[in-house]
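Reader: I have a new structure to look at, and I would like to learn how to read it. Could you walk me through it step by step?

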Amino acid sequence: MAEVDRRVLYWGIFLVLVVPYLQPLGLPITVQETTKTLYDKIETMGPKNIALFSIAGGVSAWAEIQPSMVAVMRHLVRREVKVVIWGFFTDQDLTVDMVVVSVPELTTKYKYGEDWVYMGYLAGGETAVAQLASDVHAVFKADKYGTPIEKLSLMQRVKSAKDIDLVLTIDTGSYIGYYIRHWNVGKGTPVAEIGIAMQTEWLPYYPANLMAILIGVRGGAEYEKLIGRLGDGTVRMDAISVSHLVVIIVIILANLGYVMTRREKK
Amino acid sequence: MSNILRKREMILFITGLAGGMMMFEYFFAVPAVATASTIVRNWAIIISTLALGLGILNAVRLHSGHIRKRTKSQWIFSVWLLGYFVVLTVIGLWNTKFIVYDWSFKYVYTSLSSTFYALTGFYIFSAAYRAFRARSIEATILIVSGVLILLRNAPIGEAIWKGFPILGEWVLMVGQLGGMRTLTFVAAVGLIVFGIRTLLGLERGYYGGVE
Amino acid sequence: MWTSMLLTLATYSYVLYKDTAAFRFAEHSFMATTFAVAVVVAYQTLVSNAFLPIAKGDFSYIIPIVLGLLLYTLPFKRVRWVSRYPLAIIVGVGTGIAIRGAVHAQMVGQVLAAITLPKTPTPMDWFNFFFSLIAFLTSTSYFVFTKEHKGLFKIPTQIGRYMLMLALGSYFGNTILFRMAMLSGRVEELLKVFGIIPWR
């Protein structure tokens with residue numbers, strides 16, 4: 001078994017992932033506390049509140065974070081919360097376009113400049129996040145489309161971290177840490193993460209500094225259930241179920257083989 | 001004059017001054033320092049934006065080298081890379097909505113970006129099969145903890161046995177917390193030590209370490 | 001969409017078959033588009049955050065632009081020393097900001113979180129509190145390398161190793177979720193392009 005060609009394994013997992021799309025399992029999903037906390041927080045927000053959608057993840061991670069992003073944005077729009085978007089990835093324009101297409105209310109119900117703005121890309125990592133916490137206008141002079149910041153009425157209300165009621169960082173790396181350090185610890189702004197599964201390394205900050213975390217595609221599926229609108233996250237969970245089961249079986253088989261080989265050698 | 005500017009003490013002074021200013025601003029409320037820090041941070045952000053091109057410049061030099069040397073089974077692809085890059089950049093700087101740039105961004109970049117990232121799915125499956133052996137107590141704990149998380153994440157875990165998500169949730173929210181907290185704490189210690197060494201001029205890697 | 005499907009299959013030809021010209025073509029296409037997007041987005045950012053203030057009369061923004069351009073002397077040996085100045089600024093600022101943030105959030109915050117008593121003291125909460133506290137203390141003892149892990153120090157460090165394995169195992173489990181989600185996303189798109197499952 002140990003001598004099996006890798007390509008057989010690769011074909012195996014590739015084909016295994018096809019099956020649940022052809023024959024959905026429809027297994028129920030239980031909502032975890034880390035997801036429910038974000039839902040409850042947004043339920044308390046309304047038209048007077050401003051949420052920051054900080055994009056710190058690329059197009060490459062869409063499969064994991066797109067369901068959560070779309071579900072949370074739908075919730076924000078349903079609650080009529082104002083939204084400021086900026087980010088740190090060069091391909092984030094595609095992400096914003098995708099969110100706008102998936103949540104058409106951003107263009108039909110919301111007015112750009114008053115209800116939502118997209119400020120564009122920023123380099124600088126933690127330096128940029130720290131600077132934005134103290135003075136947003138010192139960094140951004142215009143939005144993504146070249147409109148001077150003075151002409152954006154929403155941005156006249158957003159001068160620093162203290163003017164944001166909730167930070168939602170769409171994260172595949174360390175930006176959640178920057179926001180915790182400089183926005184939450186520094187200025188007291190609540191911070192939540194919409195992250196890939198590996199972002200559970202930030203769980204030690206929950207709930208003291210990190211108020212909620214949507215963990216990967218599972219978090220997206222849970223949030224879709226909470227807002228009552230199932231989407232890509234829920235569909236993808238069947239593939240997750242099957243693939244995880246196969247991985248577990250493979251680990252068990254590999255270890256059984258190892259134990260048997262050791263006994264034979266003895 | 002250029003002899004003075006070349007001296008490493010000048011570089012270390014600027015690094016120490018910039019870093020010291022950031023820390024002073026955090027602990028002491030002095031308006032002049034806060035204003036200066038804001039300006040310097042803005043400078044750092046703009047410099048970082050310009051630094052994006054540096055990696056690309058290196059890549060262009062590398063592939064130009066391949067083309068010049070006619071590196072076997074590489075130079076043709078380098079020609080394609082540089083040609084496509086130049087065309088896209090020129091068009092993108094002129095008009096990002098022009099069909100060539102827009103199409104490349106939406107269909108070539110998006111699909112390849114996701115596809116390359118997803119390649120690791122194959123490798124991790126292979127790793128799970130070949131590498132995860134319970135050779136010791138530590139390895140066994142690692143595998144059991146991993147499997148419980150897998151069964152917590154996938155709805156099929158709950159379908160097999162209702163206890164799996166409960167155990168998995170415990171591992172995630174309690175079991176792993178101590179270890180993760182330690183890694184966070186220890187990383188902070190390392191960061192502070194390395195940072196202070198950098199600001200004191202004891203670490204020279206970032207500027208090449210030579211006069 | 002057919003283009004993305006063909007490029008996806010070309011990329012996967014590497015793992016499912018072997019290193020092919022199709023894979024190399026896809027790889028180089030990806031690099032070219034990544035570089036182009038980075039240059040275009042960086043330029044757009046500079047226009048709105050640096051050139052715009054200059055056009056409005058704030059000439060101080062010329063300084064960071066000049067400093068940033070000095071970075072491009074790095075590949076040239078004779079004038080490389082010039083690039084150290086903008087590097088010094090980036091490194092100094094980044095280091096200062098990182099240190100000031102790390103102390104409170106990563107050190108003080110973590111210790112406080114570890115020793116904070118549970119709010120609703122059920123027996124399970126107390127068990128969880130002591131488990132994570134002991135896990136934290138023993139894992140931290142493992143990283144004390146100035147004292148040999150013998151004698152009284154042996155058992156706590158051994159327990160610390162087990163706690164670290166528990167954490168890393170959890171990380172491994174979540175990594176699999178991430179990787180499988182990525183792969184399933186590509187499979188889903190391939191099935192949609194082939195018309196096997198509907199677009200939603």
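Reader: Into which domains is chain C divided?

Author: A word on conventions before the answer. This is a predicted model, in which local features need pLDDT of at least 70 and side-chain atom pairs count only at pLDDT 80 or more, while totals for chains, interfaces and linings use all residues. Residues are numbered from 1 along each chain as its sequence is written, and chains are lettered from A and ligands numbered from 1 in the order in which they are written. Domain bounds come from an automatic or database domain assignment. Here chain C has domain 1 (1-57) and domain 2 (130-200). The C-alpha centres of domain 1 of chain C and domain 2 of chain C are 31 Å apart.

Reader: How many helices and strands does chain C have?

Author: Helices (H or I, at least four residues) and strands (E, at least two) are DSSP runs, numbered from the N terminus. Chain C has six helices and zero strands, and its pattern along the sequence reads α-α-α-α-α-α.

Reader: What about chain B: what are its domains?

Author: Chain B is split into domain 1 (1-94) and domain 2 (96-131). The C-alpha centres of domain 1 of chain B and domain 2 of chain B are separated by 26 Å. Two residues are in contact if their C-beta atoms, placed from the backbone, lie within 7 Å. By that test, four residues from domain 1 of chain B and five residues from domain 2 of chain B take part in the contact.

Reader: How many residues of chain C are in contact with chain B?

Author: The contact joins 91 residues of chain C to 94 residues of chain B. At least two residues of the chain C side come from each of helix 1 (2-16), helix 2 (21-55), helix 3 (62-70), helix 4 (84-115), helix 5 (123-142) and helix 6 (154-193) of chain C. The side of chain C that touches chain B then has 59 nonpolar, 26 polar and six charged residues.

Reader: How do helix 6 of chain B and helix 6 of chain C cross?

Author: Axes are lines fitted to C-alpha atoms, for helices over the stretch in contact, and angles run from 0 to 180 degrees between N-to-C directions. The axes of helix 6 (residues 137-153) of chain B and helix 6 of chain C come within 7 Å and cross at roughly 40°. Angles under 35 degrees count as roughly parallel, over 145 as roughly antiparallel, 65 to 115 as roughly perpendicular and the rest as oblique. Helix 6 of chain B and helix 6 of chain C are therefore an oblique pair. As for handedness, a crossing is left-handed if the near helix is turned anticlockwise from the far one by less than a right angle, and right-handed if clockwise. This crossing of helix 6 of chain B and helix 6 of chain C is right-handed. Among the residues that make the contact are Ile141(B) and Gly146(B) on one side, and Tyr162(C) and Gly169(C) on the other.

Reader: Where does chain A come in, and how many of its residues touch chain B?

Author: The contact takes 45 residues from chain A and 40 residues from chain B. Helix 10 (232-265) of chain A is one of the elements giving two or more residues to the chain A side, and helix 10 of chain A gives the most, with 12 residues. By class, the side of chain A that touches chain B has 28 nonpolar, 12 polar and five charged residues.

Reader: At what angle do helix 10 of chain A and helix 6 of chain C pack?

Author: The angle is about 125°, and the axes of helix 10 of chain A and helix 6 of chain C are 9 Å apart. That makes helix 10 of chain A oblique to helix 6 of chain C. The crossing of helix 10 of chain A and helix 6 of chain C is right-handed.

Methods
Ala, Val, Leu, Ile, Met, Phe, Trp, Tyr, Cys and Pro count as nonpolar, Asp, Glu, Lys and Arg as charged, and the others, Gly among them, as polar.
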